[in-house]
Amino acid sequence: MIAISTAFKEALIAISIGEKKAFEQLSSNCQHSENILPAIDTMLDKLGCDINGNDAYSLVIGPGSFTGLRIGIALIKGFLAGGGEKKLIAITTNELMAYTYIKKFKPKQNFCCVVDALSNLYYVCEFSCNGEKLGQERLIGLSDLEKINMIKVGLEEEKSPCENFVEPSAEDLFELSNKMFKENRLINAEKLAPLYLRKSQAEASLEAKLNK
């Protein structure tokens, strides 16, 4: 399996082929579009593995950085274009955050994962204390966020208005991907798409100009 996240400022890469595993976290100073593929090549070389030996891909589809999500989607579709029977797993940003939170804090209560969408908007999703999703990811404003009567979990890199914070690792990404793989939570390649819950700033600006 090759698992990738480009939803955060720092890209996560996990590779597991046979009994060999490697994990990498790329600095937020890196250009993901330029560095992820070379990083994967380097990891495969160190493991002594060929990408053709990989049988599954996992990707964090968002919500998150519009540019980052597009990079991840393009990368995985490029890999899939190589042919062969490849299994595919799609993970949301909130699902990965929830996995990391449960692993780190072992909560006894339900909680809500929060991603800052800027301009006092937030991507949220509620989970039970054992990680079951209690709804779908959605976009809400600050006033609605404050009304959610649950422990709120944010990202370390954002420091949104939350009680607890997590920083998902490449190991977390692999563990959740592997769990979903074993549960047969797979998707068809045709359905692979970024999870956008709002328009990009460029799209919003263009729409505003056209509506004037």
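Reply: A charge sits over a ring if NZ of Lys or CZ of Arg is within 6 Å of the ring centre and within 35 degrees of the ring normal. The model is a predicted one.

Me: What makes Lys159 count as lying over the face of Phe165?

Reply: Lys159 is at 4.7 Å from the ring centre of Phe165. The cut-off is 6 Å, and Lys159 is placed over the face of the ring.

Me: How many aromatic pairs does a search of the whole structure find?

Reply: The search finds six. One of them is Tyr101 with Phe105.

Me: Why is the pair of Tyr101 and Phe105 called tilted?

Reply: The ring centres are 5.0 Å apart, and pairing requires them to lie within 6.5 Å. The planes are at 40 degrees; under 30 would be stacked and over 60 edge-to-face, so the pair is tilted. Both residues lie in helix H3, four residues apart, about one turn of the helix.

Me: Why is Tyr101 called buried?

Reply: Its relative accessible area is 3%, and buried means under 20%.

Me: Why is Phe105 called partly exposed?

Reply: Phe105 has a relative accessible area of 33%. That value falls between 20% and 50%, so the label is partly exposed.

Me: Why is the pair of Phe111 and Phe127 called stacked?

Reply: The planes of Phe111 and Phe127 are at 15 degrees, with centres 5.7 Å apart.

Technical notes:
Residues are numbered from 1 along each chain as its sequence is written. This is a predicted model: local features need pLDDT of at least 70, side-chain atom pairs count only at pLDDT 80 or more; totals for chains, interfaces and linings use all residues. Side-chain values use heavy atoms; hydrogens and water are left out. Helices (H or I, at least four residues) and strands (E, at least two) are DSSP runs, numbered from the N terminus. Buried means under 20% relative accessible area, exposed over 50%, partly exposed in between (1.4 Å probe, protein chains only).
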